[in-house]
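Me: I am new to reading protein models. Could you take me through a few features, one at a time?

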Amino acid sequence: AAEKASEKDPTAAALGYKLDTSKVDKAKFPKHAATQQCSNCMLYQGKPADAFAPCPALGNKLVAGKGWCSAWVKKA
Ligand code: SF4
């Protein structure tokens with residue numbers, strides 16, 4: 001099984017990944033909005049209701065549905 005991405009993984013840290021979208025540093029990421037989270041990101045490789053799913057931006061490690069990173073793209 002894939003391992004969970006840590007906020008401290010170099011790639012995750014560089015992208016400002018947080019397990020909880022409400023914990024994102026607003027000053028550092030002004031484009032972040034509270035409604036943005038992994039489960040509604042185009043890169044999330046799971047169903048919207050899944051608590052965790054792989055993300056190609058973080059080496060296909062598991063990211064939290066309620067998480068966020070600066071590579072977030074609105075799901076079409
Ligand atoms: Fe979450 Fe999308 Fe960033 Fe992946 S790219 S960690 S799904 S916000």
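Me: Is S39 buried or exposed?

Reply: Buried means under 20% relative accessible area, exposed over 50%, and partly exposed in between, using a 1.4 Å probe and protein chains only. S39 has a relative accessible area of 9%, so S39 is buried. Keep in mind that this is a predicted model, where local features need pLDDT of at least 70, side-chain atom pairs count only at pLDDT 80 or more, and totals for chains, interfaces and linings use all residues. Residues are numbered from 1 along each chain as its sequence is written, and side-chain values use heavy atoms, leaving out hydrogens and water.

Me: Which residues is S39 in contact with, leaving aside its neighbours within four places in sequence?

Reply: Contact means heavy atoms within 4.5 Å. With those neighbours set aside, S39 touches Y44, P48, G65 and K75.

Me: And where is S39 found?

Reply: Helices (H or I, at least four residues) and strands (E, at least two) are DSSP runs, numbered from the N terminus. S39 belongs to the loop between α1 (10-14) and β1 (52-55). The protein has one helix and two strands, in the order α-β-β from the N terminus on.

Me: How do I read a pair of aromatic rings?

Reply: Such a pair is described by the distance of the centres and the angle of the planes. Rings of Phe, Tyr and Trp (its six-membered ring) pair if their centres lie within 6.5 Å; planes under 30 degrees apart count as stacked, over 60 as edge-to-face and the rest as tilted. By this rule there is one aromatic pair here. The ring centres of F29 and W68 are 5.5 Å apart and their planes are at 65 degrees, so the pair is edge-to-face. F29 lies in the loop between α1 and β1 and W68 in the segment after β2 (61-64), so the pair ties together parts 39 residues apart in sequence. Both F29 and W68 are buried.

Me: What makes up the largest nonpolar core?

Reply: A nonpolar core is a set of buried Ala, Val, Leu, Ile, Met, Phe, Trp, Tyr and Cys residues joined through side-chain atoms within 4.5 Å. The largest one has 12 residues in all, among them A5, L15, Y44, C55 and V63. The elements giving two or more residues to this core are β1 and β2. A second, separate core of five residues includes V24, C41, W68 and W72.

Me: How much of the protein is buried?

Reply: Buried residues make up 34% of its 76 residues.
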